[in-house]
Amino acid sequence: MFVLLIIAGLGVVTLLVILFAPHIRRYAAGAVCKSTARLDGKTVLITGANTGIGKETALDLAVRGARVIMACRDVEKGEEAAASIRAAYSEAKVEVRELDLADTCSIRAFAQKFLREVNHLHILINNAGVMMCPYTKTIDGFEMHIGVNHLGHFLLTYLLIGLLKRSAPARVVVVSSLAHNFGWIRFHDLHSQGSYNSGLAYCQSKLANVLFARELARRLKGTNVTVNSVHPGTVNSDLTRHSTLMMILFTVFSVFLKTPLEGAQTSVYCAVAEELHSVSGKHFSDCAPAFVAPQGRSEETASKLWDVSCELLGIDWD
């Protein structure tokens, strides 16, 4: 009898989901960037642009007339994504460059070549990321989540900040997550060597994104370079590929999730919206200001994380 009740309950829930699917989808989709701003003559750099929201962001900004440089670890997949963007918009000015955020040598080589060949950079979107992967380390010995999601982008931004300033007005968009609410910066064990939980490691790295954006914005006051972080929403993408459970859940509940196109809207909004030309150090979701957890608003933590990041990367960024 109990089993029959469970089956009947699941049947009712399934029926309700099917009946209300259009309404659920409209709600789950979230806000749309309504800006019609053009980006002709502007140069954009997007990390992790070969898939998911990165690829959709690249397409949107290319349609607006920007030269879009897609920084990808897998160049072959990057070229496939670039080809699909050109197929969707024949006038798209997109190009692919190799960048492995898990290797500081790759980041430095990328930046060195970029600075030699690109004269301006108006928008930098730190989009690439890993989520809930097994315990692994980057080439430089950093835990993978903090190494790629935070330290890799920290170093990349450091190497390109001079060009951004010379290209001002310019914008930096840091893709974070609602998951930052559940993160804490574990300075005593930043690389999870004492204990490891893939979910908590991801949350820590997303909190680091928020703190980095806020601290960088503070340090860039008066330069006409703005920095904001975004929560794209819960997006049905391949970011969950390292977690079988998450992949199953995302498949079952896909009607409640954003598509990559929908998830890209806030990144696009922060990159182009005219009303944000002087807004910096804020966090956005669904194309609107969003809540930041108390630990994400701590100036002390942000400053300490900045110093620790510089030390780990061997740089001096005052």
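This is a predicted model: local features need pLDDT of at least 70, side-chain atom pairs count only at pLDDT 80 or more; totals for chains, interfaces and linings use all residues.

Colleague: Which residue forms a salt bridge with Asp 189?

Modeller: A salt bridge is a side-chain nitrogen of Lys or Arg within 4 Å of a carboxyl oxygen of Asp or Glu. Asp 189 forms one with Arg 186, where the closest N and O atoms are 3.6 Å apart. Arg 186 is partly exposed, because its relative accessible area is 26%.

Colleague: How many salt bridges does the structure hold?

Modeller: There are 10 salt bridges in the structure. One of them joins the side chains of Arg 38 and Asp 40, at 3.0 Å from N to O; Arg 38 is partly exposed, with 47% relative accessible area, and Asp 40 counts as partly exposed at 48%.
Another salt bridge is formed by Arg 67 and Glu 95, whose closest N and O atoms are 2.9 Å apart. This pair links distant parts of the chain, since Arg 67 is in strand β2 and Glu 95 is in strand β3 (residues 93-98), 28 residues apart. Helices (H or I, at least four residues) and strands (E, at least two) are DSSP runs, numbered from the N terminus. Arg 67 and Glu 95 also belong to a network of salt bridges that includes Arg 97, Lys 113 and Glu 117.

Colleague: What should I look for when nonpolar residues gather, and which residues have the most contacts inside the largest nonpolar core?

Modeller: In soluble globular proteins, nonpolar side chains tend to be buried together. A nonpolar core is a set of buried Ala, Val, Leu, Ile, Met, Phe, Trp, Tyr and Cys residues joined through side-chain atoms within 4.5 Å. The largest one here has 42 residues, and those with the most contacts inside it are Leu 45, Phe 114, Leu 121, Phe 154, Val 227 and Trp 317. Among the elements that give two or more residues to this core are β2 (67-72), α4 (104-117) and α5 (144-166), and α5 gives the most, with 10 residues. Apart from this core lies another, of 35 residues, among them Ala 49, Ala 62, Ile 85 and Ile 123.

Colleague: How many aromatic pairs are there?

Modeller: Rings of Phe, Tyr and Trp (its six-membered ring) pair if their centres lie within 6.5 Å; planes under 30 degrees apart count as stacked, over 60 as edge-to-face and the rest as tilted. By this rule there are 10 aromatic pairs. Phe 154 and Trp 317 form an edge-to-face pair, 5.2 Å from centre to centre with 75° between the planes. This pair links distant parts of the chain, with Phe 154 in helix α5 and Trp 317 in the segment after α10, 163 residues apart. Both Phe 154 and Trp 317 are buried. Tyr 158 and Trp 317 form a tilted pair, 5.3 Å centre to centre with 55° between the planes. Tyr 158 counts as partly exposed, because its relative accessibility is 25%. Phe 154, Tyr 158 and Trp 317 form one aromatic cluster with Phe 212 and Trp 306.

Colleague: Finally, how many residues of strand β1 are buried?

Modeller: In strand β1 (residues 43-47), 5 of the 5 residues are buried, so the strand is largely enclosed by the rest of the structure. Both of its faces are covered, with Thr 43, Leu 45 and Thr 47 buried on one side and Val 44 and Ile 46 buried on the other. Two strands pair if DSSP finds at least two bridges between them, and β1 pairs with β2 in the parallel sense over 5 bridges. Within these strands, Thr 47 stands opposite Ala 71 in β2.

Methods
Residues are numbered from 1 along each chain as its sequence is written. Side-chain values use heavy atoms; hydrogens and water are left out. Buried means under 20% relative accessible area, exposed over 50%, partly exposed in between (1.4 Å probe, protein chains only).
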